[in-house]
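Subject: Handing over the structure

Hi,

Here is the structure I promised to pass on. Have a look at it first, and then read my notes below.

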Amino acid sequence: MASGIRRLTDLEIRRAKAGKHADGGGLYLMVSPTGAKRWAFLWMARGKRREMGLGGYADLSAGEARAAAARWAAVVQAGGDPIEARAAELK
């Protein structure tokens, strides 16, 4: 049986250098050149890459970010747009 998606470990997250680090399921840890870290959900829509910020590393644990990414991946799977869905929730 397959082990599933390879997730970033806590140590890998803490030591991450500038760049985009895949955690699986469309979740990425984005690290700026200054070292600031944030979580982002990325997906493809109509042939274009889309990105939705989920929150800063200090504000959102890896588990919370993974749960949010899974939630938004379900929206994409159902044919929706996570950005529009989140905006509708905030109204």
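Let me start with a question: are phenylalanine 41 and tryptophan 43 buried or exposed? Both of them are buried. Before I go further, please keep in mind that this is a predicted model.

The sheet

Four strands make up an open sheet, and their order is β1-β2-β3-β4 with antiparallel pairing. The edges are taken by β1 (19-24) and β4 (48-56); each has a single partner strand, so one side of each has no neighbour in the sheet. From one strand to the next the twist averages 30°. If you want a reminder of the background, strands of a sheet pair through backbone hydrogen bonds, either parallel or antiparallel.

Going through the pairs, β1 and β2 are antiparallel and share 5 bridges. Glycine 24 has leucine 27 of β2 as its bridge partner. The hairpin of these two strands, β1 and β2, has 2 residues between the strands, and glycine 25 there has a positive phi near 65°.

Next come β2 and β3, which also pair in the antiparallel sense, over 5 bridges. Here leucine 29 stands opposite tryptophan 39 of β3. The hairpin formed by β2 and β3 has 5 residues between the strands, with glycine 35 in the turn at a positive phi of about 100°.

Finally, β3 (residues 37-45) runs antiparallel to β4, and 8 bridges join them. Phenylalanine 41 has methionine 52 in β4 as its bridge partner. This hairpin of β3 and β4 has 2 residues between the strands.

A turn residue to look at

Arginine 46 sits in the loop between β3 and β4. Its phi is near 50°, which is positive although arginine 46 is not a glycine. For context, most residues other than glycine have a negative phi. Arginine 46 has a relative accessible area of 79%, so it counts as exposed.

The helices on the sheet

Helix α2 (residues 62-77) lies across β1, β2 (27-31), β3 and β4, at about 15° to β3. Helix α3 (residues 82-90) lies across β3 and β4, and runs at about 40° to β4.

The core

Which residues touch the most other members of the largest nonpolar core? They are Ile13, Leu27, Leu29, Trp39, Phe41, Leu54 and Trp72, out of 18 residues in that core. At least two residues come from each of β2, β3, β4 and α2. With 5 residues, α2 gives the most to this core.

Strand β3 is mostly covered, as 7 of its 9 residues are buried. Leaving out residues up to four places away in sequence, phenylalanine 41 touches Gly25, Gly26, Leu27, Arg50, Glu51, Met52, Leu54, Ala69, Trp72, Ala73, Val76 and Pro82.

How many aromatic pairs does a search of the whole structure find? It finds 1. That pair is phenylalanine 41 with tryptophan 43, and it is stacked, at 5.3 Å centre to centre with 20° between the planes.

Valine 76, one of the residues that phenylalanine 41 touches, is in helix α2. Its relative accessible area is 24%, so valine 76 is partly exposed. Apart from neighbours within four places in sequence, valine 76 is in contact with Phe41, Trp43 and Pro82. Valine 76 and tryptophan 39 are 37 residues apart in sequence, and their C-alpha atoms are 18 Å apart in space.

A buried aspartate

One more residue before I stop. Aspartate 23 is in strand β1. Why does aspartate 23 count as buried? Its relative accessibility is 0%, and buried means under 20%. The side chain of aspartate 23 makes a polar contact of 2.7 Å with the side chain of arginine 66. Not counting residues up to four places away in sequence, aspartate 23 touches Ile5, Arg6, Arg7, Leu8 and Arg66.

That is what I have so far, and the structure is now yours.

Cheers

How values were computed
Residues numbered from 1 in each chain as written. Predicted model: local features only at pLDDT ≥ 70, side-chain atom pairs only at ≥ 80, totals over all residues. Heavy atoms only, no water. Pairing = 2+ DSSP bridges. Axes fitted to C-alpha atoms, helices over the stretch in contact; angles between N-to-C directions. Contact = heavy atoms within 4.5 Å. Core = buried A, V, L, I, M, F, W, Y, C linked by side-chain atoms within 4.5 Å. Buried < 20%, exposed > 50% of the residue type's maximum accessible area, 1.4 Å probe, protein only. Polar contact = N/O pair within 3.5 Å; in protein donor to acceptor, adjacent residues only side chain to side chain. Phe/Tyr/Trp six-rings, centres within 6.5 Å; stacked < 30°, edge-to-face > 60°.
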